[in-house]
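Subject: Structure handover and findings

Dear colleague,

Please find below the sequence and the structure that I am handing over to you. My findings follow directly after.

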Amino acid sequence: MRGWNLRRGESTDLLAILNTARRIAVDLDAGLDGSRGRTAAKRLRRLLSARAVGLVNLSGGVEWAGEAVAEETVAAAVSDALRTGKPTGSAELAAVPLTVEEELAGVLLVVGQDCAQEARSAAWLLEYVLERAQLRAAAERATQSELRALRAEMSPHFVYNALTVIAALVRSDPDRSRELILDFADYARYSLARHGEFTTVADEFEAIETYLVLQRAVMGDRLRIQIRVAPDVLAVPMPFLVLQPLVENAVRHGIEPRGTGGVVQVRGEARDGDCVISVEDDGIGMTPARAQALLDGKASGSVGLGNVDRRLRTAYGQWYGLVVETERGAGTRVLVRVPLSQPGVATS
């Protein structure tokens, strides 16, 4: 490898160290208060060849691996480290405070001969891991906040109209009314219930089909629908509540203002290693500048377009944001792209 001059044994040792560091990062994904703190302490002890390693959280809990040390000795070392904010201890016990975002997060204890330097190096690794975990937790909270905001944007006007149509059919067509009530229950369950961060393409398509059935009951023949999805992308994971806002935009801001109605087409297929989904309408369209302003959150008048774009970019990177193709009077097409293969992603 360019830039490295390692013998085979040294290279193997380096890879083992990096692999152990990666596993410690996974163990501490939930922070020092997580359930795998002791496992992380064991891995760190082996990495440092220490007699013992302890991870202390701010509540005073200690995850310990290795030989026992007198409680009074541990308590004194932890107290000194937290009080001074600096590494403390003796020749055989190092206590290093862990700081994340300039705030104390806990203390690392290492027992071994002349272990102070190794403890400080290990503390740097742990601070990086804990900061990473904190950022991930913040991103998850932001995602949940985005979902709550998105639900708030979804049209109460549509809900009112759908319930009005159902009520009108109770006497004139009770069978159709019952069908629509079940569809509305499915719509509400999927849109409003608690979900994980990811679902599947199949579930998203089922949700938009339910929405469009209800919307067609409201609009009648003014709304025409075409939905096609390739079977090989149905199991692909994707962020929850991505497609429905795009379809609702197509109906509310594309077809409804047109007066004479129009067509909404939704397609999903595998392309170049990705799952590509398009939501297209032949409605009134908009200027490209306005579409960009909606994506940037600098304009109002869409159902969560910027919200969906941000969540896709957060989940997959900048390449995977929304692409909007539109022109005034020429309809709108929105493209969604997610990776076909997503190891480690669990769907709800």
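Five strands make up an open sheet, ordered β2-β1-β5-β4-β3, with antiparallel pairing. Strands are DSSP runs of E with at least two residues, helices are runs of H or I with at least four, and both are numbered from the N terminus; two strands count as paired if DSSP finds at least two bridges between them. Because β2 (62-66) and β3 (88-89) stand at the edges with a single partner strand each, one side of each has no neighbour in the sheet.

Please note that this is a predicted model, in which local features need pLDDT of at least 70 and side-chain atom pairs count only at pLDDT 80 or more, while totals for chains, interfaces and linings use all residues. Residues are numbered from 1 along each chain as its sequence is written, and side-chain values use heavy atoms, leaving out hydrogens and water.

Within the sheet, β4 (residues 93-100) and β5 (residues 103-111) run antiparallel and are joined by eight bridges. Ala95 has Leu109 in β5 as its bridge partner, and Thr99 is bridged to Leu104 in β5. The hairpin of these strands has two residues between them, and Glu101 there adopts a positive phi near 55°.

Helix α3 (residues 71-84) lies across β1 (52-57), β2, β3, β4 and β5, at about 140° to β5. Here, axes are lines fitted to C-alpha atoms, for helices over the stretch in contact, and angles between N-to-C directions run from 0 to 180 degrees. The buried residues of α3 are Val74, Ala77, Val78 and Ala81, where buried means under 20% relative accessible area, exposed over 50%, and partly exposed in between (1.4 Å probe, protein chains only). These residues cover an arc of only 95° around the axis and therefore lie on the same side of α3; the arc is that of the directions from the helix axis to the C-beta atoms. They pack against β1, β2, β3, β4 and β5, contact meaning heavy atoms within 4.5 Å. Glu72 and Arg83 are exposed on the face of α3 turned away from its buried side.

Gly85 is partly exposed, at a relative accessible area of 40%. Not counting residues up to four places away in sequence, Gly85 touches Asp80 and Pro97.

Turning to the cores, the largest nonpolar core has 46 residues, of which Ile277, Leu322 and Val336 touch the most other members. Such a core is a set of buried Ala, Val, Leu, Ile, Met, Phe, Trp, Tyr and Cys residues joined through side-chain atoms within 4.5 Å. Helix α7 (residues 201-219) gives the most to this core, namely seven residues. Beyond its neighbours within four places in sequence, Val336 has contacts that include Met238, Cys275, Ile277 and Leu322. A second, separate core holds 26 residues, among them Ala25, Ala123, Leu125 and Leu130.

Yours sincerely
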